[in-house]
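I opened this entry to keep track of what I looked up. I start with side-chain packing and go on to sheets and helices.

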There are 2 protein chains.
Amino acid sequence: MKNQLIPRATAKRLPLYYRYLKVLLDSGKTKVSSTELSEAVKVDSATIRRDFSYFGELGKRGYGYDVESLLEFFGRMLTEDRLTSVALIGVGNLGSALLKYGFHQNNNIRISAAFDVKEDIVGRIVDGIPVYPMSDMKEQIQQQQIEVAILTIPSDKAQDVANELFEAGIRGIMNFTPVRLNAPENVHVQSIDLTNELQTLIYFLNHYNDNGESVE
Amino acid sequence: MKNQLIPRATAKRLPLYYRYLKVLLDSGKTKVSSTELSEAVKVDSATIRRDFSYFGELGKRGYGYDVESLLEFFGRMLTEDRLTSVALIGVGNLGSALLKYGFHQNNNIRISAAFDVKEDIVGRIVDGIPVYPMSDMKEQIQQQQIEVAILTIPSDKAQDVANELFEAGIRGIMNFTPVRLNAPENVHVQSIDLTNELQTLIYFLNHYNDNGESVE
């Protein structure tokens with residue numbers, strides 16, 4: 001790997017490339033062209049070639065890329081060879097669904113602890129994952145050396161709980177609350193606001209025509 | 001509103017501005033500056049001013065923006081005054097959580113029909129929403145004039161079901177499967193791949209240091 005910064009946009013496409021290459025390998029393909037890849041992952045081939053150029057020489061124009069080498073390379077980049085433990089904060093409807101989501105399938109991510117306030121769930125093992133009381137959160141996160149948390153709690157608690165997570169040493173949060181969290185500079189927050197996503201989709205349907213032009 | 005195309009990036013921030021302005025209004029504030037807004041929604045104030053410039057004259061530099069006018073304007077843009085019916089395809093773990101998610105709170109979106117193959121759930125009303133068999137999907141979507149669907153089904157069924165949705169007249173899909181859907185040009189697909197999001201977050205933690213620089 002070249003010793004340089006990979007742009008954030010490129011990094012965001014890595015898991016996408018990776019997953020598709022696994023499909024190719026499973027079906028016995030050994031080579032893939034940027035055009036084929038482009039068709040499959042819906043990223044234009046110029047972007048794919050530019051993305052891949054950050055990784056050094058992984059393919060030759062006209063010959064296609066070697067699927068297995070690419071996979072090995074991406075796998076290393078996405079740290080599939082090391083288990084990442086994740087904490088889930090808030091075992092409500094969405095939290096429960098995420099416990100069952102299967103992040104561990106095909107990759108080395110595991111939710112290893114969940115936290116909630118509800119007495120009927122705390123102290124139990126749900127879908128193979130122990131649910132601890134919120135009062136044990138900091139201690140458990142530090143003991144288990146967890147650095148990533150998924151936040152699925154009510155909005156009015158989000159910032160307070162996030163602050164506790166920062167104190168406990170969490171460095172990455174996947175935030176499902178609509179709250180824009182204040183976080184220290186060394187913490188990455190990735191927000192997924194489902195209502196916002198749905199509103200934006202509907203906005204586009206109502207305001208843009210089939211060619212992507214404004215209909216106002 | 002000016003008769004021009006609003007950039008996609010700007011449109012994506014609208015729901016964010018909208019939700020925060022509601023908070024301000026509820027707390028009795030009538031004016032907000034781009035600096036205050038910037039602080040709250042974590043978008044730099046130059047971007048906010050540029051975004052707002054697309055909407056015409058809604059505020060004057062140095063005087064701040066009028067909260068109520070902004071809200072009324074955004075509300076109109078996000079079509080809060082008209083109910084949008086949404087179909088949910090696949091009442092599994094994630095689908096069930098989304099039925100309970102409360103998209104209808106604070107906005108005019110309602111999941112009005114759900115579809116599944118499981119006999120024990122089909123024909124029942126779950127969280128106030130009727131669950132129909134997949135065989136009725138096309139008919140119900142057309143009868144109810146639903147144009148937006150949330151897709152939470154197994155990956156191996158995703159493209160086939162999406163094709164049926166396109167035939168039924170669906171124009172927007174919120175796709176929770178990791179499959180990159182082939183869609184007609186007049187259909188908008190908004191994909192939320194939770195594994196991809198989590199992998200990317202972990203990638204950043206492992207490969208970038210606190211200053212956003214590569215640690216390779």
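**Entry 1, core packing.** I began with L198(B). Leaving aside residues up to four places away in sequence, L198(B) touches F103(A), I109(A), V148(A), I150(A) and M174(A). The model I am reading is predicted. Next I looked up the largest nonpolar core, which has 50 residues. Which of them touch the most other members? I noted I150(A), L194(A) and L198(A), together with I150(B), L194(B) and L198(B). As general background, nonpolar side chains tend to be buried together in soluble globular proteins.

I looked up the totals. Chain A has eight helices and 10 strands. It has 216 residues, and 50% of them count as buried. I then took the contacts between residues at least 6 apart in sequence; 56% of these join residues at least 24 apart.

In what order do the seven strands lie? I read β6-β7-β5-β4-β8-β9-β10. The sheet is open and its pairing is mixed. Which strands stand at the edges? They are β6 (125-126) and β10 (188-191) of chain A. Each has a single partner strand, so one side of each is left without a neighbour in the sheet. I followed β6(A) to its partner. Two bridges join it to β7(A), residues 129-133, and the two run antiparallel. I125(A) has P130(A) in β7(A) as its bridge partner.

I turned to β7(B), residues 129-133. It pairs with β5(B), residues 109-116, in the parallel sense over three bridges. There, A114(B) is bridged to V131(B). β7(B) is also joined to β6(B), residues 125-126, by two bridges, and this pair is antiparallel. The bridge partner of I125(B) is P130(B). I checked the hairpin of β6(B) and β7(B) as well. Two residues lie between its strands, and D127(B) takes a positive phi near 50°.

I looked at what α7(A) lies across. I found β4 (84-89), β8 (148-151) and β9 (172-175) of chain A, with the helix running at about 170° to β8(A). L165(A) sits in this helix, residues 155-168. Is L165(A) buried or exposed? It counts as buried, because its relative accessibility is 0%. Not counting residues up to four places away in sequence, L165(A) touches I89(A), M137(A), I141(A), A149(A), L151(A), I170(A) and I173(A). I also took one distance. L165(A) and V148(A) are 17 residues apart in sequence, with their C-alpha atoms 9.3 Å apart.

Where does α1(A) kink? I found a kink of about 30° at L14(A), shortly before the proline P15(A). Both L14(A) and P15(A) are buried. Other buried residues of α1(A) include T10(A), R13(A), Y17(A) and L24(A).

Technical notes:
Residues are numbered from 1 along each chain as its sequence is written. Chains are lettered from A and ligands numbered from 1 in the order in which they are written. This is a predicted model: local features need pLDDT of at least 70, side-chain atom pairs count only at pLDDT 80 or more; totals for chains, interfaces and linings use all residues. Side-chain values use heavy atoms; hydrogens and water are left out. Two strands pair if DSSP finds at least two bridges between them. Helices (H or I, at least four residues) and strands (E, at least two) are DSSP runs, numbered from the N terminus. Buried means under 20% relative accessible area, exposed over 50%, partly exposed in between (1.4 Å probe, protein chains only). Contact means heavy atoms within 4.5 Å. The bend at a residue is the angle between axes fitted to the seven residues ending there and the seven starting there. A nonpolar core is a set of buried Ala, Val, Leu, Ile, Met, Phe, Trp, Tyr and Cys residues joined through side-chain atoms within 4.5 Å. Axes are lines fitted to C-alpha atoms, for helices over the stretch in contact, and angles run from 0 to 180 degrees between N-to-C directions.
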